[in-house]
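Look at the sequence and the structure before reading on.

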Amino acid sequence: MLISPSGADKGRMDTNDLLVARIDEEQLPAGASCESLMHRSIYRRHSGIRAVVHAHPKAVVQLAADGSVPDAHRLVEAEQFLGVVGLVERFQSGSLELGVAVAQALDSGFSCVMMDHGAVTIGETMVEALRRMLLLDRLAQMQVTGGL
Ligand SMILES: [Zn+2]
């Protein structure tokens, strides 16, 4: 898998900044994202996917503070595109426990929210996973502001 370096500004990265980590090996490249274990756990459990997006959208994190997730039923296309939005309890960032819990939460959909942390979306392409993240954020913003 390709993984971003720890602390990298995602908006200023190019492909030369990405690190290569083998999914079937335990060793991770030096300087890899602190969430590399989570990404690897997802790829190991869901062999059909080819992209993972992890972000900390403000509205999603705000909703998840009390255990709520963006309601995909508010938009027909969201329900189809996201599936069941999973909720993962609090685990330490970067821990294997978090990675395993997130990978399991993605068994019934293409997105999940981590309490007091952020969200993860998956897809067959990076564009698909990113679109899911943007939709998840939009739904959360609608719920937080009360509008459509
Ligand atoms: Zn994070």
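How many bridges join strand S5 to S6, and do the two strands run parallel or antiparallel? Strand S5 (residues 111–114) and S6 are joined by 4 bridges, and they run antiparallel. The model is predicted.

## The chain as a whole

The chain contains 5 helices and 6 strands. Their order along the sequence is β-β-α-β-α-α-β-α-β-β-α. The radius of gyration is 15 Å, close to the 15 Å given by the globule rule for 148 residues, so the chain is as compact as a globular protein of that length.

The C-alpha atoms fill a box of roughly 45 × 30 × 25 Å along the principal axes. Of the 148 residues, 33% count as buried.

## Contacts along the sequence

Consider the contacts in the chain with a separation of 6 or more: 62% of them come from residues 24 or more positions apart.

Within S6, Gly123 stands opposite Ala51.

S6 also pairs with S5, through the 4 bridges given above. Here Met114 has Gly118 in S6 as its bridge partner.

## The turn between S5 and S6

S5 and S6 form a hairpin with 3 residues between the strands. In this hairpin, Asp116 takes a positive phi near 55°.

Notes: Residues are numbered from 1 along each chain as its sequence is written. This is a predicted model: local features need pLDDT of at least 70, side-chain atom pairs count only at pLDDT 80 or more; totals for chains, interfaces and linings use all residues. The radius of gyration is taken over C-alpha atoms; the globule rule is 2.2 Å times the number of residues to the power 0.38. A residue is buried if 20 or more other C-beta atoms lie within 10 Å of its own, exposed if 12 or fewer, and partly exposed in between; C-beta atoms are placed from the backbone. Two residues are in contact if their C-beta atoms, placed from the backbone, lie within 7 Å. Two strands pair if DSSP finds at least two bridges between them.
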